[in-house]
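User: I'd like to learn how to read a few features off a model. Could you walk me through them one by one?

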Amino acid sequence: MKPDRVGTGNQALDDLLGGGLERRTITQIYGEPASGKSTLCLMAAVSSLRSGNSVVYIDTEGFSVERFSQIAGENAGAFADRLYLFEPLDFAQQGAMIADAEGLLKKNGHAPVGLLVMDSATALYRTELDLGREALRKLSHHTIKLLGLAKKYDIPVLITNQIFMDIERDRVSGLGGTALEHLSKAIIRLEKKDSVRRAMLRKHRSRPEGLSFDFTITGDGIRTI
C-alpha cells in the first residue's frame, strides 16, 4: 500500500504539510518573483525521481536545465530520462498539454509517474486577463483537469501561482480567485526579505494556518534556518 504523502525533498517543508505532498490533491505555492517557488518545485521533482518514479513537469516560465542539474547533482542525466517536460507557449496550449499529460500517466511501466508539477499555473493566464470571466473559466477548467488527474492516478499535483494585491481584503493573494484557492487543498505562501525566505501555511485540511519556517536558497536547493 502506497503512503498517502510524497516527500518534497526538504524535511521542514514536509513537516509544514503534515508529512509531504498529499496524493489525490493539489498543493499550491504562491509568492512574489524570486521567492523560491521554482526551486521548491524542482526539489520535489528530484525527490520523486530519486525514489524511482517519473515526473510530469509543465513549465510556463522557462525551465532551467542548469538549476535542475544543480539540485539533481551527479544523477541529473539519469533523472532527466524520466522527467517529462512540457513547455506551453500560450494559455490554450497549456490546456492542451495538461490533457496530453494523461497519456504518460496511463503508462504503468517500470517508472510510473509519481508527481505532476505545474510551474506556474497562472503565468500564461495573465496574458488573457483582458478576456475577463472567460479567462478565469479556462483557468478553472485547467485546474479541475489537474485535480481529476491527481484523483484518477493517485498522485499529488504541485502548482505555483503568481500574486496580486487584493484591495478588498487588503492583502497579497494568489491569482485565480476563489476557484483556484478552493481547488487547492494545501496552500503555502512564500515571502522574501533580503536573502531570507519564509514559507507560511495559508490553508490545510488538518494543520493550523500560520505555521512557517525560514530558509535561504542555496546552490543545490534550500537551507532551513
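User: Let's start with accessibility. Is Arg24 buried, partly exposed or exposed?

Analyst: First, keep in mind that this is a predicted model. To sort a residue, you hold its relative accessible area against two cut-offs: buried is under 20% and exposed is over 50%, with partly exposed in between. Arg24 has a relative accessible area of 39%, so it is partly exposed. You'll find Arg24 in the loop between β2 and β3.

User: What about the backbone there, what is the phi of Arg24?

Analyst: Arg24 has a positive phi, about 65°, although it is not a glycine. Asp194 is another non-glycine with a positive phi, here about 60°. Asp194 sits in the loop between β10 and β11, and because its relative accessibility is 73%, it counts as exposed.

User: Where is there a cis peptide bond?

Analyst: Look at the bond between Asp119 and Ser120: omega is about 0°, and the peptide is cis. Ser120 belongs to the loop between β6 and α6.

User: Now strands. Which way do the side chains of β7 point?

Analyst: The general idea is that in a regular strand the side chains alternate between the two faces of the sheet. In β7, Val157, Ile159 and Asn161 point one way, while Leu158 and Thr160 point the other way.

User: Which strands does β7 pair with, and how do they run?

Analyst: Take β3, residues 26-31, to begin with: five bridges join it to β7, and the two run parallel. If you want a place to look, Ile29 has Thr160 of β7 as its bridge partner. Then there's β6, residues 113-119, which is joined to β7 by three bridges and also runs parallel to it. There, Met118 has Ile159 as its bridge partner in β7.

User: What is the handedness of the unit that β6 and β7 make with α6?

Analyst: Right-handed: β6, helix α6 (residues 133-153) and β7 form a β-α-β unit of that hand.

User: On to the rings. How many aromatic pairs are there?

Analyst: A pair of aromatic rings is described by the distance of the centres and the angle of the planes. Counting rings with centres within 6.5 Å, you get four aromatic pairs. Phe63 and Phe68 make one of them: their centres are 6.0 Å apart and their planes are at 45°, so the pair is tilted. Both of these residues are buried. Ring pairs also link Phe63 and Phe68 with Tyr57 into a cluster.

User: And what is the geometry of Phe91 and Tyr125?

Analyst: That pair is tilted too, because the planes are at 50°, with the centres 6.0 Å apart. Phe91 is in helix α5 (residues 91-106) and Tyr125 in the loop between β6 and α6, so the pair ties together parts that are 34 residues apart in sequence. Phe91 is buried at a relative accessible area of 2%, and Tyr125 counts as buried at 7%.

Note on methods: Residues numbered from 1 in each chain as written. Predicted model: local features only at pLDDT ≥ 70, side-chain atom pairs only at ≥ 80, totals over all residues. Heavy atoms only, no water. Buried < 20%, exposed > 50% of the residue type's maximum accessible area, 1.4 Å probe, protein only. Helix = DSSP H or I, 4+ residues; strand = E, 2+ residues; numbered from the N terminus. Pairing = 2+ DSSP bridges. Right-handed = clockwise from strand over helix to strand, strands pointing away. Phe/Tyr/Trp six-rings, centres within 6.5 Å; stacked < 30°, edge-to-face > 60°.
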